[in-house]
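Please keep the sequence and the model in view while reading.

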Amino acid sequence: APSQRHTSKQRFLAEFSQCLYEFVIQLLPTREELIVKEDVRKLLERLIRTIEPESRLLSFGSTANGFSLRNSDMDLCCLIDSEERLSASDLVTMLGDLLERETKFHVKPLPHARIPIVKLSLDPSPGLPYGIACDIGFENRLALENTRLLMCYALIDPPRVRTMVLFLKVWCKRRKINSPYKGTLSSYGYVLLVIFFLVHVKNPPVLPNLQQMPPMRPISQEETTLHGHNIWFFDDIELLRGRWQSSNTESVAELLVDFFRFYARDFQYNTGVASIRAGLLKKDSKGWASESDRGTARERNRLCIEDPFEVDFNVSRCVTRDGLYTIRGELMRASRILASRPERAIVALAQLCE
Ligand code: 3AT
Ligand code: MG
């Protein structure tokens with residue numbers, strides 16, 4: 001009987017891996033969607049240059065890091081290469097006016113937000129059945145760098161890393177635990193949890209720690225510092241492939257089962273900080289713990305995920321006590337579904353994303 005159980009488990013995992021690949025493939029953006037988005041970026045860049053001739057408009061977030069689902073939002077960042085430039089809030093106001101006059105976008109400038117942005121959207125049309133939603137921010141160079149870091153992690157092992165991340169993005173959206181405004185976690189936060197798991201929890205690791213690999217040539221501090229943060233990481237993925245190979249051979253299904261189990265059961269939410277740069281840290285050592293139950297710091301810092309570059313910044317600071325309770329409930333639910341191994345893997349997948 002034990003060997004029979006063993007083979008039924010193997011069979012389930014093999015089938016579930018296959019299901020995951022097939023499921024995720026259909027959720028990728030189409031070629032047309034990518035072309036339309038690139039056209040929109042170019043159009044917006046042309047318009048912005050009528051205000052700031054020295055500017056460039058770059059994509060970041062999922063459209064640029066390889067973790068994009070169909071119809072995902074566009075995150076754009078405007079960089080201005082000249083010395084004298086308008087303030088971000090003036091730019092937001094001016095760009096808002098311009099886009100309102102010259103384009104069909106619905107425009108919402110937020111010049112006084114903590115990070116001033118222009119929000120744009122386009123209604124659905126036959127060629128663009130879901131419309132487009134887009135945020136334009138300014139000078140957010142750290143976001144461009146963390147996008148590049150995630151892209152490099154995706155490139156090291158696309159079949160496993162990208163499949164896991166894309167599946168989890170769908171899962172957290174369907175289960176409604178992906179709204180920082182409502183006290184749950186951003187997509188960026190979930191991606192960091194996956195990378196943390198693959199670098200620091202899995203043994204042997206599925207991914208190397210790109211921020212701790214020795215550089216191939218001496219590099220100056222100036223090159224690697226941005227706004228006082230160390231942004232260095234090993235980014236030559238072609239070269240890396242020749243030098244490093246994971247000895248972890250688990251399938252994407254095994255990894256996912258283990259991911260849910262780890263975050264449902266083993267991660268130390270009360271004391272731990274997930275850091276992809278440094279591994280598991282203690283809240284105490286970062287000053288993110290608070291003794292008092294009433295303290296707002298504790299309330300804010302219940303789930304702790306260190307940003308890869310802005311290390312004083314808790315990416316999950318928006319997650320509330322209730323939000324984390326809900327997220328952990330969902331992780332347990334997922335773990336339970338997978339542990340029960342339904343007869344057909346496709347049934348497990350459907351239940352997970354119900
Ligand atoms: P979606 O496909 O839009 O769901 P995404 O990968 O674009 O997911 P987000 O929209 O959460 O991820 O974030 C877009 C980028 O904005 C990712 C990162 O470069 C930056 N960013 C988002 N949240 C944070 C944060 N809390 N701290 C630092 N950077 C962040
Ligand atoms: Mg996004």
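Which helix gives the most to the shell around ligand 1?

## The ligand shell

Helix 5 gives the most, with three residues; helices here are DSSP runs (H or I, at least four residues), and strands are runs of E of at least two, numbered from the N terminus. Helix 5 (141-156) and helix 7 (187-201) each supply at least two residues of the shell. A residue is near the ligand if its C-beta atom, placed from the backbone, lies within 6 Å of it. Of the 17 residues around ligand 1, those that come nearest are G61, S62, A143, S187 and Y188.

Because domain 1 (31-143) and domain 2 (157-207 + 246-352) both give residues to this shell, ligand 1 lies between them. The domain bounds come from an automatic or database domain assignment.

Five strands form an open sheet of mixed pairing, in the order 1-2-5-4-3; two strands pair if DSSP finds at least two bridges between them. Strand 1 (55-60) and strand 3 stand at the edges with a single partner strand each, so one side of each is left without a neighbour in the sheet.

Strand 3 (residues 106-110) and strand 4 (residues 117-122) pair in the antiparallel sense over five bridges. These two strands form a hairpin with six residues between them, and S121 in strand 4 is the bridge partner of H106.

## Basis of the description

This is a predicted model: local features need pLDDT of at least 70 and side-chain atom pairs count only at pLDDT 80 or more, while totals for chains, interfaces and linings use all residues. Residues are numbered from 1 along each chain as its sequence is written, and chains are lettered from A and ligands numbered from 1 in the order in which they are written.
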